[in-house]
Amino acid sequence: MKKIICLMLVCIMAVSFAGCGKTNETNGDGTVTLKLGLPGGKTVTNPEIVELFKSKHPNIKLEIDETPWSDFKKKLKMQVATSNAPTVFIMDSGYVAALGGMGAAVDLTDRVKRDLNPEEYSIALTAGQDAQGHLWGVPHDLNSVAIYYNKTLFDEANLPYPDENWTYEEMFEMAKKLTKDIDGDGKTDQYGFCSLNNITAGWLPFVTANGGVPLDETRTKSMFKDPKTVEGLRRYIEPVQTGISPGMEWTAANGGAIAAFYMGKVAMLMGLSSAIKNINANAAEGFEYDVQILPIGWDGERHCVYVPNYWTIFSRASEAEQDAAWEWIKFYLSEEAQMLVADEFLAGYPIKHTALEYLNTKESAPANTKVFYQGVEEYGVTLFENKTFEEWRPKVDTITAQMFRGDVTFEEGIDEIDKQVSEALLEE
Amino acid sequence: MTKKHKNWGWVFVSPYIIGFLVFSLYPIVFSGYISFTDYDIFNPPQWVGFKNYITALNMADLWMGFRNVFTYVLILETLQISIGCILAVLLNHAIKGISAFRVMYFMPVLTPIVAVSFVWTYMYNPMYGVLNYLFKFIGLGPFKFTFSGLWVEVVASIAVMSAWKGVGYTTIYLLAGLQNISTDVNEAARIDGAGAVRKFFNITLPLLSPMIFFLLMKGVIDAMQVFDAFYVMQQATGANTTVIGTLIYNNAFEYSKFGLASAIGWISFIVIAILTLIQKRAEKRWVYYE
């Protein structure tokens with residue numbers, strides 16, 4: 001009986017510790033196996049780049065760990081917990097900061113200083129730096145926010161297309177003229193603008209356009225009660241309250257803001273560059289649209305929110321694997337690979353200037369796509385990512401949705417946002 | 001029984017025992033331990049005493065979660081038990097094709113909850129959903145269902161979907177209960193001049209009460225742990241439809257706060273245990289055993 005109980009306990013312990021192994025180190029033949037985590041696989045990372053890397057680095061054996069975007073983060077969290085994460089992987093900016101905070105990502109500051117010339121790259125190269133100066137990732141691709149507009153609806157309303165010198169006030173004026181009750185039933189059928197309930201293409205552009213910020217410089221203190229931030233949020237809520245933008249319920253019932261835009265129900269949409277693929281794939285033939293840079297803010301400045309996806313190196317990989325991972329990143333940021341990123345618009349834009357210049361010479365749909373990356377260079381603003389970003393960000397979104405609907409007064413909403421964000425920031 | 005036979009006995013029951021120890025007892029004990037620690041599953045747990053419990057009890061979302069889950073349980077159990085009783089009585093008659101009806105009502109129980117939730121989300125869509133189209137014929141609606149910004153409308157809509165999915169299970173149990181009622185009792189009532197309605201409320205229902213009690217206890221325990229339907233059907237309308245299941249999931253898997261998530265899990269366990277004890281205490285007042 002004792003033997004059987006001992007055997008059971010051994011089994012339990014074996015299962016408990018099964019996931020605690022160290023990742024692979026150098027192989028016997030002197031090669032290194034590099035496990036590459038690719039969410040979305042070939043639809044996100046150009047396979048040509050992978051093949052080129054293989055041919056140029058015979059001493060590094062690439063092992064691709066491919067998972068659809070929607071499940072990649074969940075899978076990665078478990079892999080990180082069990083020390084089985086890919087050596088280098090793509091991750092969104094919010095989670096990269098969290099990984100850095102918990103010690104699961106390698107600080108790339110010294111490697112970037114040693115091997116890359118920042119002048120050859122977009123400012124996004126070091127956007128993954130936290131308030132303490134640690135660089136937890138370098139960009140796989142770059143996404144940024146601009147205004148999408150439906151050219152047909154502008155033509156029908158006899159409105160000129162927006163130019164690069166426009167302001168938020170002018171955008172609201174246009175939106176008013178584009179908001180229509182087409183069938184005369186007393187309900188709006190076409191909205192001039194569509195407010196999104198998120199940080200990137202939602203409240204942050206309005207807050208920054210008003211000179212406000214969500215967090216202080218150390219990213220450890222809420223600034224949601226700062227008068228400039230408060231005023232920015234008031235202006236963010238305004239389009240829904242004045243009826244030039246639909247509420248969240250209408251947007252959700254119409255399949256989301258992007259669907260409402262390409263179905264011609266919304267004339268202008270603040271959106272990420274990644275929405276282009278969705279619009280081009282789903283819009284009906286003859287749908288005419290273009291993009292314009294974000295308007296000049298109430299503070300007289302322009303601020304363009306951008307959000308890269310990052311290459312991150314797992315801290316529990318061996319030294320040899322980390323070095324191989326850095327070789328991969330350096331190759332990905334080389335002229336050769338960046339031109340391939342520019343050639344096929346998969347997840348976002350390249351970050352090397354020469355590749356961006358090359359992109360300028362290419363025809364694109366929509367025609368004015370350059371505003372996405374030009375805006376970043378001159379007026380770029382990141383999402384204020386920190387270790388608790390994934391916790392405080394959705395809390396803000398939930399309360400702003402309640403403010404849109406009038407469930408809470410504007411003042412109550414601001415108090416609640418400040419309280420909840422401050423609670424989440426206690427961990428910082 | 002010889003020692004050799006005894007040992008073989010242990011071997012035969014060991015798959016269950018090992019499964020129980022590894023997948024039930026160990027996680028329960030471990031979650032109890034980590035609820036007193038700061039634990040992100042990457043770094044070793046750091047002992048913090050009751051901090052997670054205090055944080056959880058001060059979280060507005062925890063109380064919103066209990067508000068939503070109590071509302072959900074109330075609507076779901078009311079619908080499931082009442083409709084289940086009606087269906088069981090109807091299915092207890094010897095009519096043609098009764099087996100087909102029994103299978104039909106039980107089929108949703110066998111359908112995966114995620115698939116059902118997606119289908120009902122389409123049915124609930126205020127613009128294109130079939131439900132508003134049907135309600136229009138009888139002059140009702142339009143309703144926003146799970147696309148509403150009002151938490152109570154969202155919670156009620158999910159409860160109705162869950163009731164549809166689970167009523168077949170309740171019906172089968174109640175049908176078994178009905179078939180266990182002695183025909184003598186009904187016959188005696190009929191001789192005494194009791195009508196169908198009176199027989200149902202004064203004979204059938206009291207004699208079904210042990211089964212209803214069992215279904216209610218089990219139903220409340222299950223429903224308090226709801227997760228899948230809310231996770232799939234919640235829309236980005238800003239309505240606070242957090243339930244305890246989604247709160248635990250978010251804290252553990254989104255924010256990597258496994259200590260706090262475990263503390264919420266243990267608080268939820270205590271609440272469910274109290275509810276079960278209350279139901280057990282109330283049993284004597286309304287449950288009749290033959």
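Mentor: One term before we start. A crossing of two helices is left-handed if the near helix is turned anticlockwise from the far one by less than a right angle, and right-handed if clockwise. Also, keep in mind that this is a predicted model.

Trainee: Okay. Which hand is the crossing of α2(A) and α14(A)?
Mentor: Right-handed.

Trainee: At what angle do those helices, α2 and α14 of chain A, pack?
Mentor: About 165°, and their axes are 9 Å apart. Angles over 145 degrees count as roughly antiparallel, so α2(A) is roughly antiparallel to α14(A).

Trainee: Which residues meet there, between α2(A) and α14(A)?
Mentor: From α2(A), A:E48, A:I49 and A:L52. From α14(A), A:E336, A:A337 and A:L340. By class, this contact has 4 nonpolar residues, 2 charged and no polar ones.

Trainee: What about α4(A) and α17(A), at what angle do they cross?
Mentor: Roughly 140°, and the axes come within 9 Å. That makes α4(A) oblique to α17(A).

Trainee: Which residues touch between α4(A) and α17(A)?
Mentor: A:G94, A:Y95, A:A97 and A:A98 sit on the α4(A) side. They meet A:F389, A:E390 and A:R393 of α17(A). The classes here are 4 nonpolar, 1 polar and 2 charged.

Trainee: New topic. How many residues of chain A are in contact with chain B?
Mentor: 27 residues of chain A, and they contact 26 residues of chain B.

Trainee: Which helix of chain A gives the most to that side?
Mentor: α17(A), with 7 residues. α1, α3, α10 and α17 of chain A each supply at least two.

Trainee: How many nonpolar, polar and charged residues are on the side of chain A that touches chain B?
Mentor: 15 nonpolar, 5 polar and 7 charged.

Trainee: Zooming out, how many helices and strands are in chain A?
Mentor: 18 helices and 9 strands. The C-alpha atoms fill a box of roughly 80 × 55 × 40 Å along the principal axes.

Trainee: What does the radius of gyration of chain A agree with?
Mentor: With a compact globule. For 428 residues, such a globule would have a radius near 22 Å, and chain A has 24 Å, which agrees.

Trainee: And what share of chain A is buried?
Mentor: 47% of the 428 residues.

Trainee: Last one. Of the contacts in chain A between residues at least 6 apart in sequence, how many join residues at least 24 apart?
Mentor: 75% of them.

Note on methods: Residues numbered from 1 in each chain as written. Chains lettered and ligands numbered in written order. Predicted model: local features only at pLDDT ≥ 70, side-chain atom pairs only at ≥ 80, totals over all residues. Helix = DSSP H or I, 4+ residues; strand = E, 2+ residues; numbered from the N terminus. Rg over C-alpha atoms; globule rule 2.2 N^0.38 Å. Buried ≥ 20, exposed ≤ 12 C-beta atoms within 10 Å, placed from the backbone. Contact = placed C-beta atoms within 7 Å. Nonpolar A, V, L, I, M, F, W, Y, C, P; charged D, E, K, R; others polar. Axes fitted to C-alpha atoms, helices over the stretch in contact; angles between N-to-C directions. Parallel < 35°, antiparallel > 145°, perpendicular 65-115°, else oblique.
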